[in-house]
Amino acid sequence: MVCIGFEGSANKIGVGIIRDGEVLANVRKTYITPPGEGFLPKETAKHHREVVLGILKEALAVAKITPDEIDVVCYTKGPGMAPPLLVCAIVARTVSLLWKKPLLGVNHCIGHIEMGRFITNAKNPTVLYVSGGNTQVIAYSNKRYRIFGETIDIAVGNCLDRFARIIKLSNDPSPGYNIEQMAKKGTKFVSLPYVVKISGILSHIEQIADPSKKSRKGRKEEPNEEYTHEDLCFSLQETIFAMLVEITERAMAHCDSQEVLICGGVGCNKRLQEMMGIMCKERGGHLFATDERYCIDNGLMIAHTGAEMFKSGQMDYEESTVTQRYRTDEVLVTWRDD
């Protein structure tokens, strides 16, 4: 069976093609804004509209297949930014009608998890899903991916992206990657709040990076030349990643699990993988992680997950809707029997 997937929930637009577990194509382009600027929904959707057909043609050429050979068309139904999601849904719906193929909407978060399990061969891991829009600790039970914990304000990836904008780091190839490289040069650790609200950590470190910002009491702090941007990137990573490792270990203990899978865009971070690997080793467990080809948003994860859904009998051919809030635990996991 051949499945094609369209992903475009944020600033990346991708098309992936898979055939019976064999990766045929995984093509992706990223909308990159100038340093200090984020990506807005309207402009991101415009970028996706301009490049999606070229990516589709490239994916078909790389896979060396024709539309006649495709069995099902899949797209990201949510969660994500509405205008970019709509671009993918419209394109997927259009080609499904033109090619006379069934259409399936896929949960973006589930796509990350299933892609990670597929690439790493992890069986039933405790999942740390950490990206620009979502940060969740997840475990599978009784046909659902259950959420054990999640950030209650902003995602970790969003925090890193926003701090990169504060210190005017480049968005090419991604702000999180550039923070990771800066952090390697940091030598001084800045004590940051160890709290449940990620936005509180961001506000605190922003005042250190830019002393002209007013404190909560309304006083302007004196300029602080003690810490470099490299020190701040290092400290931000160490603090937030320590929190992620701690809560993941708690979920492992609760589930009596010996496996951890890191997925999502931030999951590419080598320091996060290193810290999680140390924890897993101390518990006699094993860490599973992927590289940027598969942990960053891509069409292949939608194609693979859609194929699993299709084979298990899920059929939703008449709809091509999207939703910005499509929770991980809403999805009935019909393709797993364990």
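**Entry 1: ground rules**

Helices here are DSSP runs of H or I with at least four residues, numbered from the N terminus. I am working with a predicted model. With that settled, I looked up H112 and found it in helix α3, which covers residues 108-120.

**Entry 2: H112 and its surroundings**

Is H112 buried or exposed? I read a relative accessible area of 1% for H112, so I noted this histidine as buried. Its side chain makes a polar contact with the side chain of H108, at 3.1 Å. Setting aside neighbours within four places in sequence, I listed the contacts of H112 as Y129, C263, G264, C295, I296, D297 and M301.

**Entry 3: the annotated positions**

I then checked the record. UniProt, in an unreviewed entry, puts the feature "binding site" at H108, H112, Y129 and D297. These positions are spread over 190 residues of sequence, yet they cluster in space, with a largest C-alpha distance of 12.2 Å.

D297 was my next stop, in the loop between α9 and α10 (299-311). Its relative accessible area is 11%, so D297 is buried, the cut-off being under 20%. Beyond four places in sequence, D297 is in contact with E7, S9, A10, K12, R28, H108 and H112. Two of the annotated positions, H108 and H112, are therefore in that contact list.

**Entry 4: cysteines**

How many disulfides does the structure hold? I found one. C268 and C295 form the disulfide, with their sulfur atoms 1.9 Å apart. The pair links distant parts of the chain, 27 residues apart: C268 sits in the loop between β9 (259-263) and α8 (270-282), and C295 in helix α9 (residues 292-295). The S-S torsion of C268 and C295 is about 80 degrees, so I wrote the disulfide down as right-handed. C268 counts as buried at 16% relative accessibility, and C295 counts as buried at 2%. I also noted that C295 is among the contacts of H112.

C159 is buried, with a relative accessible area of 0%. C255 is partly exposed, at 30% relative accessible area.

**Entry 5: the sheet**

Which strand order does the open sheet have? I traced five strands as β8-β7-β6-β9-β10, with mixed pairing. The edge strands are β8 (144-150) and β10 (286-288), each pairing on one side only. From one strand to the next, the twist averages 25 degrees.

Zooming in on one pair, I saw that β6 and β9 run parallel and are joined by four bridges. Within this pair, L128 stands opposite I262 in β9. Helix α8 packs on the sheet and touches β6, β9 and β10, its direction making about 170 degrees with that of β9.

**Entry 6: T126**

T126 lies in strand β6, residues 126-130. With a relative accessible area of 1%, T126 is buried. Its side chain makes a polar contact with the side chain of S257, at 3.3 Å. Leaving out neighbours within four places in sequence, I recorded contacts of T126 with V137, I138, T248, A251, M252, S257, E259, V260 and L261.

How values were computed: Residues numbered from 1 in each chain as written. Predicted model: local features only at pLDDT ≥ 70, side-chain atom pairs only at ≥ 80, totals over all residues. Heavy atoms only, no water. Helix = DSSP H or I, 4+ residues; strand = E, 2+ residues; numbered from the N terminus. Buried < 20%, exposed > 50% of the residue type's maximum accessible area, 1.4 Å probe, protein only. Polar contact = N/O pair within 3.5 Å; in protein donor to acceptor, adjacent residues only side chain to side chain. Contact = heavy atoms within 4.5 Å. Disulfide = S-S within 2.5 Å. Pairing = 2+ DSSP bridges. Axes fitted to C-alpha atoms, helices over the stretch in contact; angles between N-to-C directions. UniProt positions renumbered as here; feature names shortened; annotations may be inferred.
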